[in-house]
Amino acid sequence: MRALALVLLLACGSSERPSSTQSPESTPAPVATPTPEPDVCAPFVARARHVAAADPGCSRDEECACRSGLLFEDCGGPASRDTAVRLSEILREASRHGCSPEGPRCAARECAVACVEGRCVER
């Protein structure tokens with residue numbers, strides 16, 4: 001029985017022995033994925049959102065103005081005059097740094113705002 005087991009082991013085993021001259025299987029080179037271009041507008045949009053969120057409100061109609069909507073991808077809207085000026089400055093700076101948001105197509109409209117209960121709103 002032992003002889004039969006030995007014959008089976010030898011018959012089933014591999015006759016090739018690994019040699020030190022064989023090279024290991026080469027691994028495929030990683031596929032280079034293109035790095036997405038950074039969003040030039042992102043830091044300006046973040047700043048604009050922060051400024052808009054901190055809008056101090058108003059106490060009189062004269063303290064209100066219309067803000068641009070380009071950095072917000074909307075058609076603009078009411079804001080305190082101070083906030084509207086700060087948002088315009090951010091938009092100009094963004095433009096100087098190559099950020100040119102397309103924004104939605106908005107119909108021309110008159111900027112008519114009022115101060116109602118401490119907030120600037122459209123009339």
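Five disulfides turn up in a search of the whole structure; a disulfide here is a pair of cysteine sulfur atoms within 2.5 Å. The model is predicted: local features need pLDDT of at least 70, side-chain atom pairs count only at pLDDT 80 or more, and totals for chains, interfaces and linings use all residues. Residues are numbered from 1 along each chain as its sequence is written, and side-chain values use heavy atoms, with hydrogens and water left out.

**Bonding pattern**
- Counting bonded cysteines along the protein chain, the pattern is 1-6, 2-9, 3-10, 4-8, 5-7.

**Cysteine 58 and cysteine 115**
- Their sulfur atoms are 2.1 Å apart.
- The link is right-handed, with 95 degrees about the S-S bond.
- Both cysteine 58 and cysteine 115 are buried (buried is under 20% relative accessible area, exposed over 50%, partly exposed in between; 1.4 Å probe, protein chains only).

**Cysteine 64 and cysteine 120**
- The S to S distance is 2.2 Å.
- The torsion about the S-S bond is about -85 degrees, so this disulfide is left-handed.
- Cysteine 64 and cysteine 120 are buried.

**Cysteine 75 and cysteine 106**
- This disulfide has an S to S distance of 1.9 Å.
- It is left-handed, with -90 degrees about the S-S bond.
- Cysteine 75 is partly exposed at 40% relative accessibility, and cysteine 106 is partly exposed at 36%.

**Rings**
- The charged end of arginine 67 sits over the ring of phenylalanine 72, 4.5 Å from its centre (the criterion is NZ of Lys or CZ of Arg within 6 Å of the ring centre and within 35 degrees of the ring normal).
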